[in-house]
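Open the model in your viewer and keep the selection panel at hand.

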Amino acid sequence: MWIEILELVNAGELLSQALEEGAAYIPGASFFAGCESRDAAGLNFTAVAPQEITEGIRRPANVLCRAAASRKPVGSQ
């Protein structure tokens, strides 16, 4: 699953926090050669049971949402 998040959140910088919550994702920059996509991530659910997917989305989403909520929108004072 590919997710795109707010530009003010760097998925690569937040990976360690997601790991602390028991979740992992692949930062978007790993998918591009010569282009840094800091505001995207890849989630993989091939090795989990279908009933675990909701929790597998919730954990990294919590980390990303907390980070976005703590930052000012681009262009704000």
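Start by selecting Glu21, which is partly exposed, with a relative accessible area of 28%; here buried means under 20% relative accessible area, exposed over 50%, and partly exposed in between (1.4 Å probe, protein chains only). Before going on, note that this is a predicted model, in which local features need pLDDT of at least 70 and side-chain atom pairs count only at pLDDT 80 or more, while totals for chains, interfaces and linings use all residues. Residues are numbered from 1 along each chain as its sequence is written, and side-chain values use heavy atoms, with hydrogens and water left out.

Glu21 and Arg66 form a salt bridge, with 2.5 Å between the closest N and O atoms; the term stands for a side-chain nitrogen of Lys or Arg within 4 Å of a carboxyl oxygen of Asp or Glu. Glu21 sits in the loop between α1 (11-20) and β2 (26-27) and Arg66 in helix α2 (residues 53-69), so the pair ties together parts 45 residues apart in sequence. Helices (H or I, at least four residues) and strands (E, at least two) are DSSP runs, numbered from the N terminus. Arg66 is partly exposed, at 45% relative accessibility.

How many salt bridges does a search of the whole structure find? It finds three.

For the next stop, select Glu55, Arg58 and Arg59, which are linked in a network of salt bridges. Glu55 meets Arg58 at 2.3 Å, N to O, and Arg59 with closest N and O atoms 2.9 Å apart. Within helix α2, Glu55 and Arg58 are three residues apart, about one turn of the helix; Glu55 and Arg59 are four residues apart, also about one helical turn. An α-helix has 3.6 residues a turn, so residues three or four places apart point the same way. Colour by accessibility: Glu55 is partly exposed at 29%, Arg58 at 37% and Arg59 at 28%.

Now select the whole of α2 and check its length. Its 17 residues should span 24 Å at 1.5 Å a residue, and the end C-alpha atoms are 24 Å apart, which agrees; the expected span is 1.5 Å times one less than the number of residues.

Last, which residues of α2 are buried? Select Pro60, Val63, Leu64, Ala67 and Ala68. Show β1 (2-4) and α1 as well: the buried residues of α2 pack against them, where contact means heavy atoms within 4.5 Å.
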